[in-house]
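Here is a friendly briefing on how one protein chain folds up. Take a moment to look it over before reading on.

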Amino acid sequence: MRILLVGCSGFVGRALVPQLLEGGHSLTLVSRAPQPLPAVQHPQLQRLQADPSNPASWQQPPLQQALAKAEAVVNLAGEPIAEKRWTPQHLQLLHRSRIDTTRALVAAMAALPEEQRPGVLINGSAIGYYGTSTSQEFSESSPAGTDVLGRLCVAWEQEAQAAAAFCRVVILRIGIVLGGDGGALGKMLPVFRMGFGGPIGDGQQWMSWIARPDLCQLISTALADGAYSGVYNAVAPQPCSMASFAAALGRCLGRPSLLPVPGPLLQLLLGDGAKVVLEGQKVLPKRLEQQGFSFRYGELSAALASATS
């Protein structure tokens, strides 16, 4: 397939782009960076520098032509949620990078002649959609949370769903993505390897996670299989508590995992962004299981072993 990729130049893209290229697809990578994923070189990979949150970018001939040629679009755009304080400026950036980008992308798709529109849009969302809870289980039919992230995800998904008027739309509510070179695990590994690791906060909060190879495989499968449509929880079938996660990571690395990271320290560093780590949610991939999706790393020990090897 000819695929246009937006927001796929970071942690997930480092694995997704090579996998799609190996699958024989032709890719156009849209990024604000002049040379995203510099380590990936391939004759079927084209790079376009543009700000996808700006509607004017989609009027530029190179991007317009790439979108018109694309048979599918993958949009994972979004500034990291839990890495900075949620100042008004940062909240605006979180909003713009997700909602404005998706709105501009869908409007550009809709503006194309009917025969040139991509047939499928795979769009990111997050399990933050559900809000946080220590006791509830969430499936795709659960209601949205009313907190900052819940409202953000609802608005984000609404922009993507607008494309359902003219193409197949798959929305992935992505959990904590496990890979050794980035994301939450990438930040934890150096501390654990030095023997200073442990659970964050009280350790009772839920972690709903997915191994990066499984997320990439899910995206590949949803691109090719027309039976995938609507919202899916992109999480492994075995969520765990933060305490269990820390213990499993310690065992995997052969290091102690008993020193907790105090919640107040994290709040001091991240402000409201600490909520993402201190308050989790137990999310289950009900629709993926109904669809028959096979997780290669459905167990935490296997996912951690793969990510740290």
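The points below go from the sheet to a helix, the core and a group of rings.

This is a predicted model, in which local features need pLDDT of at least 70 and side-chain atom pairs count only at pLDDT 80 or more, while totals for chains, interfaces and linings use all residues. Residues are numbered from 1 along each chain as its sequence is written, and side-chain values use heavy atoms, with hydrogens and water left out.

**The sheet**

- Seven strands form an open sheet in the order S3-S2-S1-S4-S5-S7-S11, with parallel pairing; strands (E, at least two residues) and helices (H or I, at least four) are DSSP runs, numbered from the N terminus.
- S3 and S11 are the edge strands, each pairing on one side only; two strands pair if DSSP finds at least two bridges between them.
- S1 and S2 run parallel and are joined by five bridges.
- Leu4 stands opposite Thr28 in S2.

**The nonpolar core**

- The largest nonpolar core has 36 residues; such a core is a set of buried Ala, Val, Leu, Ile, Met, Phe, Trp, Tyr and Cys residues joined through side-chain atoms within 4.5 Å.
- Helix H6 (212-224) gives the most to this core, with six residues.
- Leu172 is among the residues with the most contacts inside the core.
- Beyond its neighbours within four places in sequence, Leu172 has contacts that include Ile122, Leu215 and Tyr232.

**Aromatic rings**

- Four aromatic pairs are found in the whole structure; rings of Phe, Tyr and Trp (its six-membered ring) pair if their centres lie within 6.5 Å, and planes under 30 degrees apart count as stacked, over 60 as edge-to-face and the rest as tilted.
- Tyr129 and Tyr130 have ring centres 5.2 Å apart and planes at 80 degrees, so this pair is edge-to-face.
- Tyr130 and Phe138 are stacked, with 5.3 Å centre to centre and 20 degrees between the planes.
- Tyr130 and Phe138 are both buried, and ring pairs link Tyr129, Tyr130 and Phe138 into a cluster.

Technical notes: Buried means under 20% relative accessible area, exposed over 50%, partly exposed in between (1.4 Å probe, protein chains only). Contact means heavy atoms within 4.5 Å.
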